[in-house]
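Please look over the sequence and the structure shown here before reading on.

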Amino acid sequence: MIRSLWPLHRTVVRAVERELMGTGMTAGQHAVMDELRRGGPRTVPQLARLLGLDRQPVQRLVNDSTALGLAESTPNPEHRRSRLIRLTPKGEATIRGIQEAEETELRRRLSDLTAGDVTTALHVLRRLGEEFKDLAQDAPPHPTDRGDDPR
């Protein structure tokens with residue numbers, strides 16, 4: 001299963017990039033916008049943790065999304081220096097449209113899967129994620145990891 005995840009991840013990224021052709025967006029920006037749509041405004045460090053990425057690449061994705069008018073930085077009432085990133089109305093409409101098209105296509109293509117199949121797959125993936133997160137925490141820090149404020 002683990003050996004299947006790497007090629008699957010690359011294939012999903014390529015498929016998402018194909019869907020995004022002509023939008024100016026990347027698969028990484030799609031992931032950031034998805035998190036913002038699902039969870040509301042977040043700081044860059046929060047987004048980085050949720051996406052399992054270092055802060056610096058997430059900051060670049062946020063900057064690029066902001067340049068496209070899809071996201072914006074707003075004051076954070078809980079922390080003066082760590083601003084909140086949120087979708088603009090254009091960003092909300094853009095990611096909603098993309099996700100609706102993706103959902104329609106996936107439902108059509110995966111109609112042979114039962115709800116039980118999906119539930120089992122999610123359970124296994126979450127368990128793998130938990131175990132690998134524990135393994136990653138036991139590993140020495142990556143050179144690009146920084147002790148940024150968790151908010």
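## Model and overall layout

This is a predicted model, and the protein averages a pLDDT of 90, with 91% of the residues scoring at least 70. Among the elements of the protein, helix H6, which covers residues 115–138, has the lowest mean pLDDT, at 90, while E2 has the highest, at 97.

The protein has six helices and two strands, and, read along the sequence, these elements follow the pattern α-α-α-α-β-β-α-α. Taken along the principal axes, the C-alpha atoms fill a box of roughly 50 × 40 × 25 Å. Buried residues make up 25% of the 151 residues in the protein. Of the contacts with a separation of 6 or more, 54% are accounted for by residues 24 or more positions apart.

## The largest nonpolar core

The largest nonpolar core has 19 residues, and those with the most contacts inside this core are Leu47, Val62 and Ile85. Two or more residues each come from helix H2 (27–39), helix H3 (44–51), helix H4 (55–67), strand E2 (84–87) and helix H5 (89–109). Of these elements, H2 gives the most to the core, with four residues.

Which residues does isoleucine 85 touch, not counting residues up to four places away in sequence? On that count, isoleucine 85 touches Leu36, Pro41, Arg42, Val44, Leu47, Val62, Ala71, Glu72 and Ser73.

## How helix H2 packs

H2 and H5 pack at an angle of about 100 degrees, with their axes 10 Å apart, and the two helices are therefore roughly perpendicular to each other. On the H2 side the contact is made by His30, Met33, Asp34 and Arg37, and on the H5 side by Gly91, Glu92, Ile95, Arg96, Ile98, Gln99 and Glu102.

The residues of the contact of H2 with H4 divide into three nonpolar, three polar and one charged.

## Two residues in their surroundings

Is glutamate 102 buried or exposed? Glutamate 102 lies in helix H5 and has a relative accessibility of 16%, so this residue counts as buried, given that buried means under 20%. Leaving aside its neighbours within four places in sequence, glutamate 102 is in contact with Val16 and His30, and His30 is one of the H2 residues in the contact with H5. Although glutamate 102 and glutamate 19 are 83 residues apart in sequence, their C-alpha atoms are 8.3 Å apart in space.

Tryptophan 6 lies in helix H1, which covers residues 2–19. With a relative accessible area of 60%, tryptophan 6 is exposed, since the cut-off for an exposed residue is over 50%. Tryptophan 6 and threonine 26 are 20 residues apart in sequence and 19 Å apart in space, C-alpha to C-alpha.

Definitions and conventions
Residues numbered from 1 in each chain as written. Predicted model: local features only at pLDDT ≥ 70, side-chain atom pairs only at ≥ 80, totals over all residues. Heavy atoms only, no water. Core = buried A, V, L, I, M, F, W, Y, C linked by side-chain atoms within 4.5 Å. Buried < 20%, exposed > 50% of the residue type's maximum accessible area, 1.4 Å probe, protein only. Contact = heavy atoms within 4.5 Å. Axes fitted to C-alpha atoms, helices over the stretch in contact; angles between N-to-C directions. Parallel < 35°, antiparallel > 145°, perpendicular 65-115°, else oblique. Nonpolar A, V, L, I, M, F, W, Y, C, P; charged D, E, K, R; others polar. pLDDT = per-residue confidence, 0-100.
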